[in-house]
Amino acid sequence: MGAAHILTVMVGVRDSRFDSVSAGAPALEARQLRKQFGGRDVVNGVSLHVNSGEVVGLVGPNGAGKTTTIRMMLGILAPDEGEARALGGPLTAETQERIGYLPEERGLYEGLKLTVVLSYLGQLKGLSRRESAIRAEEMLNAVGMLEHAHKKVRELSRGMTQLVQFGATLLHRPDILVLDEPFSGLDPVNSRRMKELVLQEKQRGAAIIFSTHQMTDVEELSDRVLMIDGGEVALEGVPSELRRRYRGDTIRVESPDELPKSISGVGDIERSAEAVTMRLLEGATAEQVLKELLDAGVRIERFEVALPTLEEIFIREVLGRE
């Protein structure tokens with residue numbers, strides 16, 4: 001597994017021939033990608049783009065087609081229809097050399113020391129022996145693994161190996177970063193470290209797309225979010241705009257009093273120690289609910305039409321499409 005994955009993950013140094021990419025063109029783009037396996041549509045007409053200096057979160061339930069979409073965008077899988085484009089033109093061997101890819105299935109040479117494996121990978125991508133060694137040390141330091149530099153890969157925990165492979169993905173300063181479930185299995189400290197590095201790459205100007213099941217990761221990092229469900233794009237937009245788009249039917253109330261068990265115009269009611277969350281039925285308004293509570297003598301400390309989280313939107317969309 002290791003060698004095959006690494007040759008896909010770690011590619012090339014920056015090539016000045018591509019510095020003339022037309023202004024405004026997406027760094028990475030999918031146009032109506034389609035893919036079938038066993039006669040079943042796994043990806044069905046997915047289009048998306050990522051601009052330089054932008055982070056796009058790709059979300060969706062298991063089996064939604066996220067990884068298949070990513071692999072077609074990178075040229076690992078050939079689409080049945082549609083095309084992938086990178087840096088203003090068709091996906092080629094040259095443009096692939098400017099992409100850093102962290103696959104969901106990790107793999108490094110287990111019998112090699114970290115400094116050796118990273119230096120070797122750097123040389124595979126055209127770095128000189130000296131430059132490769134320097135970059136390897138820089139990246140091990142960046143991911144907090146420098147003190148383990150002379151350990152063999154097999155001596156590391158799964159999370160430590162993941163950090164090293166992430167550092168390897170950044171080794172050649174790619175213009176495009178494609179990260180498949182990059183934070184899965186990491187503890188909070190190392191997850192934060194990787195997120196900070198992702199934001200640094202964004203500031204450097206890299207175009208970044210990452211897939212995840214964790215909506216908190218999307219809210220923290222993404223300039224845009226795109227949800228795939230059943231192989232199709234189900235939702236796309238800026239996180240804050242999506243939350244505003246879905247506002248209006250969720251109310252949160254804080255009160256020292258017990259709220260009535262039944263409230264006109266309210267469907268689901270969730271009670272916690274801090275607040276009561278209500279879902280309005282179609283046609284009901286927040287003003288009507290507030291009036292009913294006040295008429296019932298309920299003391300209101302806080303009443304708000306709440307913005308749903310991305311996780312709430314995600315669940316509603318998935319359940320609504322079943």
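**View 1. Arg-224 and Glu-54 meet through their side chains, with a polar contact of 2.7 Å.** Welcome to this predicted model. We start at Arg-224, a residue of strand 9. A second polar contact, of 3.0 Å, links the Arg-224 side chain to that of Glu-236. Along the chain, Arg-224 and Glu-236 are 12 residues apart, while in space their C-alpha atoms are 7.3 Å apart.

**View 2. Here are the surroundings of Arg-224.** Leaving aside residues up to four places away in sequence, Arg-224 touches His-49, Val-50, Glu-54, Val-55, Val-56 and Gly-57, together with Glu-236, Gly-237, Val-238 and Pro-239. Is Arg-224 buried or exposed? Arg-224 counts as buried because its relative accessible area is 12%, under the 20% cut-off.

**View 3. Now look at the largest cavity, with a volume of about 70 Å³.** Rolling a probe the size of a water molecule over the atoms shows where empty space is left. In this structure, one cavity reaches 30 Å³ or more. Around the largest cavity you can find Val-59, Met-215, Val-225, Met-227, Leu-235, Leu-242, Leu-310, Ile-313 and Phe-314. Sorted by class, this lining has nine nonpolar residues, no polar ones and no charged ones.

View 4. Which element supplies the largest share of the lining? That is helix 11, with three residues. Strand 9 also brings us back to the opening view, as Arg-224 lies in this strand.

Conventions: Residues are numbered from 1 along each chain as its sequence is written. This is a predicted model: local features need pLDDT of at least 70, side-chain atom pairs count only at pLDDT 80 or more; totals for chains, interfaces and linings use all residues. Side-chain values use heavy atoms; hydrogens and water are left out. On a 1 Å grid over the protein atoms alone, a cavity is a set of points where a 1.4 Å probe fits but cannot get out, and a pocket is an open set with protein on both sides within 12 Å along at least five of seven lines; lining residues have an atom within 4 Å of a point. Grid points are joined across faces, edges and corners, and a volume is the space filled by probe spheres set on the points. Helices (H or I, at least four residues) and strands (E, at least two) are DSSP runs, numbered from the N terminus. Ala, Val, Leu, Ile, Met, Phe, Trp, Tyr, Cys and Pro count as nonpolar, Asp, Glu, Lys and Arg as charged, and the others, Gly among them, as polar. Buried means under 20% relative accessible area, exposed over 50%, partly exposed in between (1.4 Å probe, protein chains only). Contact means heavy atoms within 4.5 Å. A polar contact is a pair of N or O atoms within 3.5 Å; within protein, one must be able to donate a hydrogen and the other to accept it, and residues adjacent in sequence count only if both atoms are side-chain atoms.
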